[in-house]
Amino acid sequence: MFDLHRLRLLRELKYRGTLAAVASGLCYSPSTISQQLSRLESEVGVQLLEPAGRCVRLTAQADILVAHTEAVLAQLDQAAAEIAISMVEVTGTVRIASFQTAALSLIPATLELLRDIHPLLHVRIIQMEGENAVPALMCRDVDLVIDVEYPRTPRFRHNELEQEDLCTDTLQLAHLNVPSEAAPQEALREMAKHPWVMEPEGTDARCWSMKVCREAGFEPDVRYESADKLVHLALVEQGHAAAFMPSLAWRGSPPSVPLAPLPSHLETRRLSTAVRQGSGRHPAVQAVRQALLHASGENPNANRAPVGKWDGVAESA
């Protein structure tokens, strides 16, 4: 019999990349992780790690073992869900990773609903962008992710995750002198002469923003970078920059800056929730998902995501 704890350490190494990252994430010393993986190699009887520069990487045999570990962990999640279903009260703790806009606009109402309906359920909120949140979910650092996908910006969907649509969110052009009466592409081209604030390079939001500007025929002058939409809004309000602002940022209040629509094929992003396979039936997870759906339905700036094809998402491999 292979030790499940050591198998999980091997899986963590696959997703976190280094022994130091595994040690930090699980609150062990790197030497302890190394010793446990060495013992696992002895149990299995084959080499599981091989040198890769100053680091190590998994062998083909280790990848096989990780795949089976995934199946075991998913089965254990399913067992936990079935045990929880047998309970009368919804209890436990659900750790949610959410990007900023959803945390501001949907989380407070969600927590209020859960407090009233499931008082024994504890919810922890961690603000985290999707690029980091999904890996954290895979590493079991969180239990549920509120993710966002931008139009025509494909995102790989992991087979190990269960994803459900939550709502859609309209994106608009924001600037103190935005020509709101002009056609969307004309309004965008008018912004070519102004500085911009955008998310950092490498993020899905930045990729989408650059795509929108380039389709309008210009390269934006990105002088300010921040993942914080409140920073974007402050720069627009004070006349320092143009930005793309989501409707959820207004949290039900009137917009504080002039807005103009974007081309219809680029104006809507989709919010979803993701959990690990096997945990979707857990009553605590279901309760959180239902509360989030209710909160998004009550938010005047959110629209329920339509069922059907979404061309901003890459199919899972």
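At what angle do helix α2 and helix α3 pack, and how far apart are their axes? In this predicted model, local features need pLDDT of at least 70 and side-chain atom pairs count only at pLDDT 80 or more, while totals for chains, interfaces and linings use all residues. Residues are numbered from 1 along each chain as its sequence is written, and side-chain values use heavy atoms, with hydrogens and water left out.

**View 1. Packing of helices α2 and α3.** Helix α2 (residues 19–26) packs against helix α3 (residues 30–44) at an angle of about 110°, and their axes are 8 Å apart; axes are lines fitted to C-alpha atoms over the stretch in contact, with angles running from 0 to 180 degrees between N-to-C directions. The two helices are therefore roughly perpendicular, a term that covers angles of 65 to 115 degrees. On the α2 side the contact (heavy atoms within 4.5 Å) is made by L19, V22 and A23, and on the α3 side by P30, I33 and L37. By class, this contact has six nonpolar, no polar and no charged residues, where Ala, Val, Leu, Ile, Met, Phe, Trp, Tyr, Cys and Pro count as nonpolar, Asp, Glu, Lys and Arg as charged, and the others, Gly among them, as polar.

**View 2. The aromatic pair Y150 and W208.** The structure holds four aromatic pairs, a pair being rings of Phe, Tyr and Trp (its six-membered ring) with centres within 6.5 Å, and planes under 30 degrees apart counting as stacked, over 60 as edge-to-face and the rest as tilted. In one of them, the ring centres of Y150 and W208 lie 5.4 Å apart with planes at 35°, so the pair is tilted. Y150 belongs to the loop between β5 (144–149) and β6 (161–174), whereas W208 belongs to helix α9 (residues 204–215), so that the pair links distant parts of the chain, 58 residues apart. Y150 is buried at a relative accessible area of 6%, and W208 is buried at 1%; buried means under 20% relative accessible area (1.4 Å probe, protein chains only).

**View 3. The aromatic pair W196 and F218.** The rings of W196 and F218 have centres 6.3 Å apart and planes at 35°, so this pair is tilted. W196 is buried at 0% relative accessibility, and F218 is buried with a relative accessible area of 10%. Ring pairs link Y150, W196, W208, F218 and F244 into a cluster.

**View 4. Strand β11 and its partners.** In strand β11 (residues 268–276), eight of the nine residues are buried. Strands β5 and β11 run antiparallel and are joined by five bridges, with I146 opposite T273 of β11. Nine bridges join β6 to β11, also antiparallel, and D169 stands opposite R269 of β11. Two strands pair if DSSP finds at least two bridges between them; helices (H or I, at least four residues) and strands (E, at least two) are DSSP runs, numbered from the N terminus.

Technical notes. Buried means under 20% relative accessible area, exposed over 50%, partly exposed in between (1.4 Å probe, protein chains only). Angles under 35 degrees count as roughly parallel, over 145 as roughly antiparallel, 65 to 115 as roughly perpendicular and the rest as oblique.
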